[in-house]
Amino acid sequence: MYDILIAGAGPAGMTAAVYAARKSLRTLLVSKNVGGQVLWSTGIDNYMGYQYIEGFELIQKFEDQVKKFPIEQSIGKEIVRLSRLDNRYEVILDSGERYESKTVIIATGKRPRQLNVPGEEALKGRGVTYCAVCDGPLFAGDRVAVIGGGNSALEAVDDMVKIAEHVFLVSLTQLTGDEILINKVNSAPNLTVFLRHEVLEITGSNRVENILLKNLESGDETTIDVGAVFIEIGLIPNSDIVRDVVKLNELNEIEASCSCETDVPGLFAAGDVTNIPDKQIVVAAGEGAKAALQAHRYLQRHYL
């Protein structure tokens, strides 16, 4: 029986684990991998304390700090079922292992909706990125492509036209974002828009070098030289394990209070899997800390 079981080992989950351990709570950290979306960041220059750090390096520092505490870990495994049993929780892993805990923190994050085209997987972190806010400044002065037609893509374009040499916006459909954003980006002199085009391939030896597009109406193919591809076609919350347990919003994000509480007692949520408005590393880490502290207060009232 654990005091706290934490699902997810990204910034939110690992921070929660450290805070829980500092309260002398028996803690289990379960995750398919360590790092989550941060591993896809080419570089980070907005995490306080570091003027610039690679995503992998930052996660290594998180992991090293977790290892300094008596935190039990089950990495490389996923929770396939979570159930509430009276005043405790039971989780079943894909390995068949079962664990019980008095409280649970869901910090499973989000996964980007992918294009699933050749070259995308191989060039992740080498010019293929899913976060213009995170990685955009790293490609100042470059020619870049933004994929998508909604608000997230238009916001990425708005950021990049200010610092990039040229921006190519590629959308399968007509632009679907807010009219004010569409008008704003369309006035940029260094923007070329490809509507009704799909990305066939992303190529490059060690880094992104170009993308191959297909015109859906004519069938013509076009190759564009770019140094980065920002894929902004949406994110998918990793909330499946609690779909039938807690309240989700229309985006399938876990609805959590400012104290990281869900509508189920003893079940907390932190980071990008929740309905918090800003999906940033520093925000996720802060939410992880809040979730662990609130879980400790819950345990004090009911158990300790």
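Which residue in β14 does K214 stand opposite? In this predicted model, the residue facing K214 is E221 of β14. The strands concerned are β13, which covers residues 210–215, and β14, which covers residues 221–225; they run antiparallel and are joined by five bridges. Together β13 and β14 make up a hairpin, with five residues lying between the two strands, and within that turn G219 adopts a positive phi of about 85°.

A helical position can be considered next. D158 belongs to helix α4, which spans residues 151–160, and because its relative accessible area is 11%, under the 20% limit, D158 counts as buried. Once the neighbours within four places in sequence are set aside, the residues in contact with D158 are K184 and V185.

Positive phi values also occur at two asparagines in loops. N116, although it is not a glycine, has a positive phi of about 60°, and this residue is placed in the loop that links β7 (110–112) to β8 (128–129). Its relative accessibility is 64%, which is over the 50% limit, and therefore N116 is classed as exposed. N252, likewise a residue other than glycine, has a positive phi near 70° and sits in the loop between β16 (235–237) and β17 (267–269). Here the relative accessible area is 29%, a value between the 20% and 50% limits, so N252 is described as partly exposed.

Technical notes: Residues are numbered from 1 along each chain as its sequence is written. This is a predicted model: local features need pLDDT of at least 70, side-chain atom pairs count only at pLDDT 80 or more; totals for chains, interfaces and linings use all residues. Side-chain values use heavy atoms; hydrogens and water are left out. Helices (H or I, at least four residues) and strands (E, at least two) are DSSP runs, numbered from the N terminus. Buried means under 20% relative accessible area, exposed over 50%, partly exposed in between (1.4 Å probe, protein chains only). Contact means heavy atoms within 4.5 Å. Two strands pair if DSSP finds at least two bridges between them.
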